Amino acid sequence: MARFAWRAAAAALGLAAAGGAAQAQSVYSFGDSLSDIGNVKAVTFGLEAGPDYFQGRFSNGFIWTDILSLEIAGEFQRTNPGLIGPFARGRRAGYNFAHGGAVSGNNGLNLDAFFGGRIQGTLLELLPPFVLTEQAEHFRDQRFFFGRTFAAGSDDFATISSGGNDYFNGETDVDFVVGSIVHSLDIIRQNGVRNFIVLDLPNVGDIPARFGDPNQAELNALSQAHNALLVSEIDAFEAARGVDVAVIPVGQLFDMIVDDAANNAGGLFGFTTVAPGAGTSGSCLGDGLVLAACPDTYLFYDDIHPTARAHEIVADLALATLFGQSATATEAGARGVAVAQVQLSQNRLMSARFAAAQAGALNSGTLSDRAGGLAFGDGLSFSETGEALASAPGQVAYFRYIDGFAPGLSELTPGDIAAPDFMQASLTLSTGEYVMTHGADAMLTDKIFLGALVSQSARENTAFQSLRDDAADTYAVYAAYFDGPLSFSASIQGGEVEQSFQRATGFDFAPVATGRARTRHATARLDATYAAALGPARLSADAKLAVTDVTHFGYAETGGLGLVDRTVADQGAAGAAAYLGGAAGVTARLARGWTLGLDLGAGALAADSTEIGFAALLDTPGLLEERLDGNRLFARPVEQAQLGGLVGAGLALSQSTRFSLRADADALITADGARPVAKLQASWRF
C-alpha cells in the first residue's frame with residue numbers, strides 16, 4: 001500500500017502535533033458488515049463470512065477500515081494487530097466492534113426475516129454486538145469481562161457504518177435509524193473520542209440482492225432520505241458537542257460509479273459490472289469468481305457487499321474528506337492570518353512614524369524583521385522615503401515602505417502534489433509574500449500629528465496545505481498628540497483580502513481542488529504614554545486598547561468531482577484587548593554622539609480572544625504561530641476572557657537624531673503558558 005503513504009501523512013497531520021512527528025492514534029470501528037474484519041465469523045464458527053471470504057471480511061480482500069487504520073495509525077497499528085474483536089484484552093491498540101448484520105438500534109424483532117432463513121439481523125439483534133448503540137455502550141461502559149480497558153484518547157478516531165441493514169430488513173423509520181447513529185456517536189464521545197468518520201448509504205435498492213425487487217424504488221428513496229437527514233443531524237451534533245465528524249458521501253460515489261460504467265465504459269473508476277444483467281449476476285460470487293479470481297471491474301463481491309477494490313476507493317474518499325475538513329479549518333485560519341499580517345506590517349510602520357514625528361524626523365525610514373522571532377539574520381527589508389524633507393509644522397512627508405519579497409511560484413499541477421509541503425514552521429511573511437505601503441503624514445502643529453496610508457499585499461506561498469495567492473487592499477488613518485511627557489496615538493485600519501488557493505485532495509480521481517475566499521477586517525486602536533526623565537533614567541506608563549473585527553465571508557471550492565468539493569459560510573470573529581503597564585530605562589552616552597539605552601517593562605493584559613485581541617494590541621507576529629496547537633490542526637479562537645501579563649526588555653542604539661536601532665524581546669504570559677515575541681526597528685535621517 002505504498003501509494004497511500006503521502007495521504008497517511010495528510011491524515012496524521014490533522015491528528016498530531018503541528019510541525020512534529022505524528023503520534024500513534026487508535027481507530028475504533030463500529031457498525032455492520034462493511035466494517036467487520038472477522039467478528040461474525042468468530043461468533044458463528046465460520047457459518048458466515050467463511051472460506052469464500054477473505055479472512056472473515058465480507059469481501060475478497062482488505063476493507064476500508066483496514067486501510068484507514070493503517071493510514072492513520074501507521075506502524076503503531078501495523079505492529080499491534082489492533083483491529084481485533086471487542087472481547088480481547090489490550091490498550092490503545094484499536095478495536096473493531098462491527099458485526100455483519102448489525103442494525104442501528106433496538107427497534108423490535110423481525111420474525112418474518114428470521115423464518116425466511118436469515119441468520120443475521122434477526123434473533124442476533126437481541127445480542128449487543130449486533131446493535132450499533134449496544135456496541136457503543138460496550139465501548140463506553142466495558143460491561144463485559146472485567147479488566148477490558150479501552151483507553152481512548154482525543155486524537156483517536158471512531159468509524160461507523162450503519163443503516164443499510166435496517167432498511168434491508170424492512171425498517172422505514174428514517175428518523176429512528178439516523179437518531180440511533182447520532183446517539184451512538186454521543187455514547188462513543190463520552191469515552192473520550194472526538195474524531196469520527198461516518199459512512200452514508202449507497203442506494204440499498206440498487207445492490208444485486210434487491211435489484212429488480214418490487215421495493216427497489218422505495219429502498220432507494222429511504223437511502224436518500226437517510227443521507228440528507230444524516231448530514232443535517234451530524235452538523236447539529238458537531239455544533240452542540242464540539243467534535244469533528246466527517247460524513248463520507250458513499251452514496252454519491254456509488255451513483256458516480258454506476259453512471260461511469262453505463263456511460264463511460266468505466267473509464268474513470270474502472271468498474272464495468274455494477275448490477276445484474278447481460279449474463280452476469282452482478283457479483284463475483286454469483287458469477288463463480290471467488291477471492292483472487294474476482295476482477296477489479298466488479299463493484300460487488302456478493303449480492304450485498306462491495307469488492308476489495310470498491311473498499312479501497314471508499315477509504316481513499318474517507319481520507320480525502322477528512323483531509324478536506326482539516327483544510328477547511330486551516331484555510332479559515334489562513335484568511336485570518338493574511339489579514340493580521342497586513343495589520344502587523346502597518347502597525348509597525350505607524351509606530352515608527354509616531355516615533356519619527358516625536359523626534360522631528362518624519363523623513364526617516366524603517367527596518368523591520370520578517371520572521372517575528374529572535375533570529376534576525378535573514379528576511380530584513382528596507383523602506384524608501386525619497387527626498388529628504390524638513391519636519392517643520394505643516395510640511396507633508398511622503399513615504400513608501402516594502403515589507404517582504406515576492407519572487408513568485410509556479411502553478412500547482414497534479415504532478416506537483418505527490419509529496420506536498422503541508423505546513424511551514426512560521427506563519428509570518430516568507431518567500432512569496434510582501435506588503436507595499438504608500439502614505440503621507442505631517443505635524444499640523446507642534447503637538448498634533450496626522451497621517452494616512454494605503455497598502456497592497458501579495459502573498460503567494462504553499463503554507464496551509466495549499467498553494468495560496470492572496471491579494472489585499474487595506475487602509476489606515478492615524479493621529480497623535482504630543483504634549484511634553486504625555487502622548488496619545490490613535491489609528492483606524494480596514495480592508496479586504498481576496499484569496500484563491502489550490503490544494504491536494506488526497507483523492508486519486510480528483511487530485512486538485514481550487515477555491516476562492518474573501519475576508520474583511522477593521523481595527524481601532526488607542527495608545528497613551530507618559531514618559532519622564534530623571535537624569536540618565538527614564539520612567540514611563542503605557543495604556544493601550546484595541547478592538548478588532550474580522551469577517552470571513554466563506555469560500556467555494558471545486559474540482560473534487562463533487563465528492564470533496566466544499567462550500568463554507570464562515571462566521572465573523574471579534575476581539576478586544578487592553579494593556580496597562582510601565583517601564584524603566586537608563587541611557588549611557590558613548591563616544592562621538594552615540595548613546596545606548598536599556599529598558600525593562602511589565603504590564604497586565606486582558607483580552608477576549610488570544611489571537612485577535614492580543615496580537616492586534618501588541619504588534620507581535622509570534623502570537624499568530626499559536627494558531628496551531630499540540631493536538632488539533634487548527635486551534636479554535638478562544639472565546640472566554642483571557643488575563644495575562646507582558647514582560648520585556650529593549651535595547652536601543654542611536655546617534656543624535658540621525659540614526660537609531662532598537663531591539664525588543666517580550667514574553668506574553670497567559671494561562672496557556674509563556675510565548676516569546678520580538679521586534680527590530682531602525683530609523684535614520686538622510
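**Labels and their cut-offs**

Guide: Leu-291 is partly exposed, at a relative accessible area of 24%. This is a predicted model.

Visitor: Why is Leu-291 called partly exposed?

Guide: Buried needs under 20%, and exposed needs over 50%. Leu-291 has 24%, so the label is partly exposed. Leu-291 sits in the loop between α10 and α11. Its phi is positive, about 50°, although it is not a glycine.

Visitor: What makes Ala-278 exposed?

Guide: Its relative accessible area is 90%, and the cut-off is over 50%, so Ala-278 counts as exposed. Ala-278 lies in the loop between α10 (250-264) and α11 (308-359).

Visitor: Why is the pair of Phe-269 and Phe-509 called tilted?

Guide: By the ring-pair rule the count comes to 14 aromatic pairs. For Phe-269 and Phe-509, the centres are 4.8 Å apart and the planes 45° apart. Pairing needs centres within 6.5 Å; stacked is under 30 degrees and edge-to-face over 60, so 45° is tilted.

Visitor: How do you know that Phe-269 is buried?

Guide: Its relative accessible area is 4%, and buried means under 20%, so Phe-269 qualifies.

Visitor: What makes the pair of Phe-501 and Tyr-555 edge-to-face?

Guide: Their planes are 80° apart, with 5.2 Å centre to centre. Phe-501 lies in strand β12 and Tyr-555 in strand β14, so the pair ties together parts 54 residues apart in sequence.

Visitor: Why is His-552 called buried?

Guide: Its relative accessible area is 10%, and the cut-off is under 20%, so His-552 is buried. His-552 is found in strand β14 (residues 537-558).

Definitions and conventions
Residues numbered from 1 in each chain as written. Predicted model: local features only at pLDDT ≥ 70, side-chain atom pairs only at ≥ 80, totals over all residues. Heavy atoms only, no water. Helix = DSSP H or I, 4+ residues; strand = E, 2+ residues; numbered from the N terminus. Buried < 20%, exposed > 50% of the residue type's maximum accessible area, 1.4 Å probe, protein only. Phe/Tyr/Trp six-rings, centres within 6.5 Å; stacked < 30°, edge-to-face > 60°.
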